[in-house]
Amino acid sequence: MSGEFKSGRIVIVGASLAGLRAAETLRDEGFTGELTLVGDEPHPPYDRPPLSKQVLLGRVPAADVGLPARRQVDARWKLGVRASGLDPAAKEVLLANGERLPFDRLLITTGTRARPWPHPEEARLDGVLTVRTVDDASRLAERLDAGPRRVLVIGAGFTGSEIASACRERGLAVTVAERGPAPLVGALGGTLGSFAARLQRAHGVDLRCGVTVTSLLGSNGRLTGAELSDGSRIDVEVAVVALGAVRNTEWLDGSGLAAGPRGVACDAGCRAFNMYGIVTDDVFVAGDVARFPHPLFDYQMLALEHWGNAVEQAEVAAHNMVNPGPLRRPHLAVPAFWSSQFGLNIKSVGVPTFSDQVTIAQGSVEEGRLVVAYGYRGRITAAVSVNRAKWLEHYQRLIETAAPFPPEPGAADRPTAPRVMASDVPDPKVLSHGPTVALTGHLPDRRLAVLRPMA
Amino acid sequence: MQIVVDLNRCEGYAQCVFLAPKVFELHGEEALLYAPAPPAEQAERVRRAAAACPVQAILVGEQAGADAGTGAGADVR
Ligand code: SF4
């Protein structure tokens, strides 16, 4: 009976992009019951990608990054209060202020937070910052406005690289320290990693790879410098810790759900697994905090910190929360993300880390415009474009149809003899930044599925 | 007014940049930067830009959750 699905009480924990789009989809799909959104930040939902770009460049005030509503959600918002626990038997969410929120169905969209600097005393030094929230970005933009003599960025993943780019564009001296062999290497592999390294140096970044920051130095509570593992020392007034993200799952400890540092495991329909691997039917997960099996990638459990995934998975979760079994949908979207840095537009489809080989399929490193295609055991699994976004759609279709790797010649400017190289995706343990796509665990069954785009 | 551009979809056609240059701007060849909360006098231009975008990547609306209130545990309908 569809009536019971369209009424009752739904609680969404996590009032960011995924939580918001889920709430809107629930109403679009005819949910007329009580809807509550819980968010630990005191702000209504906002958009994070501009924080490390427009906001750090000083072009847009941090307070401007709200999200447009697709529709009214007629919800009760509980903002500025953290969820502290889940009682699955009583079907209640516990809040840090002692309140209990009873639910019939629950959606978990608690996302991630910035991985903190591991030494708490050093992390407290004035001048040590992270960029994850709107308040973080606003603080950092203020620091950059003040014109520090040098900024240290710790970690050269996408966020760290975008921060370094903003600093250089403002004319600030910046040192980037990365434990891995190159920037972005954890997400994009060796070919684009070395491209990114050259790009950063060409833009005046003091890029130091293969080193770690061993300590942040302070005097009178203010950051004054940093020591690196190669014995060098630099004077800095601002250090930005860009060591990747930590999934917000601690509040689920003891809930019996399959939740941990890698996220909350769920099925392709966004239903959470409990710790025995049994799927629940009243707890759903979406966005950065979810780990889900994707048929295109050997059913490996993917955890994606991507804007598009937050939106698409939230829509699927919400649909499945208010529809009975036969009408439920799988979350099969091909992962995609973008980054802009040093004047370049980098876009990705598929899962670049799910690869053993790469080839430059179009353009070249020299012209600074290219598409790199990624393959795994002879089929194409990802493509990344640099200033060639228009070509990416073609590769998305190839990925969706499990087309062979290396891809057939498509465009006129393809290099004559495509050179296939090892993809050089390093072990994530050697990087200071976490990979954007985490591949974690897999089902024993290694069937390849051909994904057809959804109608 | 708030806007968000789905930059997975955006292919840098720049129609929006021509129609509302104070709100949308290309950074380099094809990276789009935009003002997420354009001033009211830009509203008409922004709507035209959203309608003209060949991949329908621009979402325009009122700020989500603006009625949510702020502060610890604020409970607003
Ligand atoms: S018109 Fe659309 S596709 Fe073109 S730059 Fe603007 S948002 Fe992107």
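Trainee: How many salt bridges does the rule find across the interface of chain A and chain B?

Mentor: A salt bridge is a side-chain nitrogen of Lys or Arg within 4 Å of a carboxyl oxygen of Asp or Glu. Across the interface of chain A and chain B the rule finds 2 of them. In one, A:Arg59 pairs with B:Glu25, with the closest N and O atoms 2.6 Å apart. This is a predicted model, in which local features need pLDDT of at least 70 and side-chain atom pairs count only at pLDDT 80 or more, while totals for chains, interfaces and linings use all residues. Residues are numbered from 1 along each chain as its sequence is written, chains are lettered from A and ligands numbered from 1 in the order in which they are written, and side-chain values use heavy atoms, leaving out hydrogens and water.

Trainee: What area is buried between chain A and chain B?

Mentor: Buried area is the accessible area (1.4 Å probe) that two parts lose on being put together, summed over both. Here it is about 3400 Å², and carbon and sulfur atoms give 50% of that. A:Pro68, A:Trp77 and A:Lys390 supply 16% of the area that chain A buries against chain B, more than any other three residues. Contact means heavy atoms within 4.5 Å, and 44 residues of chain A and 40 residues of chain B take part.

Trainee: Which domains does the assignment give for chain A?

Mentor: Domain bounds come from an automatic or database domain assignment. For chain A they are domain 1 (3–47 + 67–113 + 246–321), domain 2 (116–243) and domain 3 (336–352 + 354–424). Between domain 2 and domain 3 of chain A, about 1500 Å² is buried, 72% of it on carbon and sulfur atoms. A:Thr191, A:Leu192 and A:Phe195 supply 33% of the area that domain 2 buries against domain 3, more than any other three residues. The count of salt bridges between these two domains is 0.

Trainee: In what order do the strands of the open sheet in chain A stand?

Mentor: Strands of a sheet pair through backbone hydrogen bonds, either parallel or antiparallel. Strands (E, at least two residues) are DSSP runs, numbered from the N terminus, and two of them pair if DSSP finds at least two bridges between them. In chain A, 6 strands form the open sheet β24-β25-β28-β27-β26-β29, with antiparallel pairing.

Trainee: Why is one side of β24 and of β29 left without a neighbour in the sheet?

Mentor: β24 (336–341) and β29 (420–422) of chain A stand at the edges, so each has a single partner strand. Further in, 5 bridges join β25 (residues 344–350) to β28 (residues 379–386) in chain A. A:Gly350 has A:Ala382 of β28 as its bridge partner.

Note on methods:
Helices (H or I, at least four residues) and strands (E, at least two) are DSSP runs, numbered from the N terminus.
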